[in-house]
Amino acid sequence: MTPRLALAAVLVLGTFASSARADSSVSVALDQNGQALASQLGFTPDQLAAAIQDKIDSLYRISGIDGLLQAIGDTGSFSQRGLGVDYDPDDRDITFGVSVAGVHGNVAIGTSDSLLGGSIADYAVMAGVNLGRWGQPRWTVFANGGYETTTIHGVTGDLSTGGIHAQYRVVGSRGDANARWSGVFITSGIELAKWTMNAVEPIESHVIVTGPGGTKSIHMSSSGLLTVDSHVTTIPLEVTTAVRLGRHFELFGGAGLDIALGHTTAAMQLTSQLTVNNTNDPVGTAQIAASGAHDPRTITTFAIGGLGLHTRHVRVTVHTAVSSDELLFGLALRGAI
């Protein structure tokens, strides 16, 4: 699993707050330095504690925990889009290769940078066989799989993905070698995505508090129990077409929908040490306790498109897929015999 993926789903957990569920809570206790800081900022100690709690809620999306857990499953499901399929196969092809994709989803946690904080990567190896060798050139079958593990910001995470797909050419190709329409394809199959994450080191983040007397950045170093477990099974259905120009340049595109089933669960018990960022002076502690569970979206519609270099034995493609909440860019290098 990628650093972005681990951090996003992790900080996820430093997120489950009192306003989200009855079994979730966030509390801030100020020490003497914290009480002095409250006076400096023009707050009472209770007001400063409440302001920090609100910032933790916003930064870690505590009040929106259900939406966050759903987004983890949605992004895991979408991360394989286009990685395991060739959208312009040749008759009798046997293909094999590797793919990588960057995915931006609604999973940014613990950072105000939603672009980088909400982005993950997925990797896959794939193989495909067109059944023209057995008298069925309209059919092509594919299989893909990937695994990644990493530790970042105190969280160890593993992402496992895999899928099998069948593709049928509904409308045959037209044209010649210099300009050819490849026809219309329907592709479906089944995909699995599993994420597991565990906190192994302190999670570092910060909040900014502004009062009548000024602004301070408060650093949070959080340690304790944090676990995430997400399992999603996806059935994609895609309708695509492709055009090949000048023998080797191809364009492809289409639309589809995903049917996703699964569950994401999380549990957390963290203690956060609060310090002033520029001086490292301690100002108190925060206690965050939470648990939650949510399913991914059942149906997601999307568009997909790309371009590539297509020779007899080597294919290089780039593609993008877009849904209402996710954006994916992919790169594939494949060989064919």
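**View 1. Cavities of the predicted model.** Four cavities of 30 Å³ or more are counted in this predicted model. A cavity is a set of points, on a 1 Å grid over the protein atoms alone, where a 1.4 Å probe fits but cannot get out. Volume denotes the space filled by probe spheres set on the points, with grid points joined across faces, edges and corners. Local features need pLDDT of at least 70 and side-chain atom pairs count only at pLDDT 80 or more, whereas totals for chains, interfaces and linings use all residues. Residues are numbered from 1 along each chain as its sequence is written, and side-chain values use heavy atoms, with hydrogens and water left out.

**View 2. Lining of the largest cavity.** The largest cavity holds about 70 Å³ of space. Its lining residues (those with an atom within 4 Å of a point) are Gly82, Val85, Asp86, Tyr87, Asp88, Glu250, Phe252, Thr317, His319, Ala332 and Arg334.

**View 3. Lining of the second largest cavity.** About 60 Å³ is the volume of the second largest cavity. Asp74, Ser77, Phe78, Asp258, Ala260, Arg297, Thr300 and Glu326 form its lining.

Technical notes:
On a 1 Å grid over the protein atoms alone, a cavity is a set of points where a 1.4 Å probe fits but cannot get out, and a pocket is an open set with protein on both sides within 12 Å along at least five of seven lines; lining residues have an atom within 4 Å of a point.
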